[in-house]
Amino acid sequence: MSLYLAIPKATHAIVEVATGTAIKTLLQIATPSTTDIRVVGWGISFDGIVATNPAGVVTLIDVDVAATVTTLTPEEFGSDDAQASLCVGGTAATGYNASAEGTIAGSRILDGQNVHPQTGYSIWFPERARPRVKASRFLRIRSLFSVDINGVPWIVWEEPA
């Protein structure tokens, strides 16, 4: 198995993504049509500075429809020798900072948390409990906050070698 990382970036620097105040996809992975993927870990950190800002909900979700995103090319994680990810970038594929959510008909929540905007959340799944996302689906990190906060979402997944 090869591991891959998706994290918003531009010109070799991490890009923060604004949550907005409605449900928003911060990061999306489009699974290939030929195979599924397994989620190894995911997380998000925030740069909130006001202690009185309320917590928001952050969700890792498997859906049937793409959001419209800024394209992102996944990186090899742990080895530069791995082949390129099959989860290719594109405005309706792998990317970040959704401008449109699309109309979801089917979804499955894989993990979710209330997270304070001065903190973050991350989890690494045990090998025997890694969520599987089937072929031709979309794995998303979505958020819902009552105030606009900047965050850095990330996902590490494995694909068959």
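Me: What makes Arg130 and Glu158 a salt bridge?

Reply: A salt bridge is a side-chain nitrogen of Lys or Arg within 4 Å of a carboxyl oxygen of Asp or Glu, and the closest N and O atoms of Arg130 and Glu158 are 3.1 Å apart. This is a predicted model, in which local features need pLDDT of at least 70 and side-chain atom pairs count only at pLDDT 80 or more, while totals for chains, interfaces and linings use all residues. Side-chain values use heavy atoms, with hydrogens and water left out, and residues are numbered from 1 along each chain as its sequence is written.

Me: Why is Asp62 called buried, and what is Arg137 called?

Reply: Buried means under 20% relative accessible area, exposed over 50%, and partly exposed in between (1.4 Å probe, protein chains only). Asp62 has a relative accessibility of 4% and therefore counts as buried, whereas Arg137, at 21%, counts as partly exposed. These two residues also form a salt bridge, with their closest N and O atoms 2.8 Å apart.

Me: Why is the pair of Lys9 and Glu75 said to tie together parts of the chain?

Reply: The side chains of Lys9 and Glu75 meet in a salt bridge at 2.3 Å, N to O. Lys9 lies in strand E2 (residues 9–10) and Glu75 in strand E9 (residues 75–76), so the pair ties together parts that are 66 residues apart in sequence. Strands here are DSSP runs (E, at least two residues), numbered from the N terminus, and helices are runs of H or I with at least four residues.

Me: How do you know that strands E7 and E14 pair?

Reply: Two strands pair if DSSP finds at least two bridges between them, and 7 bridges join strand E7 (residues 56–63) to strand E14 (residues 138–144), the two running antiparallel. Both belong to an open sheet of 6 strands in the order E8-E10-E5-E14-E7-E11.

Me: Why do strand E8 and strand E11 stand at the edges?

Reply: Strand E8 (68–71) and strand E11 (107–115) each have a single partner strand, so one side of each is left without a neighbour in the sheet.

Me: What makes the radius of gyration agree with that of a compact globule?

Reply: The radius of gyration is taken over C-alpha atoms, and the globule rule is 2.2 Å times the number of residues to the power 0.38. For 161 residues a compact globule would have a value near 15 Å, and the chain has 15 Å, which agrees.
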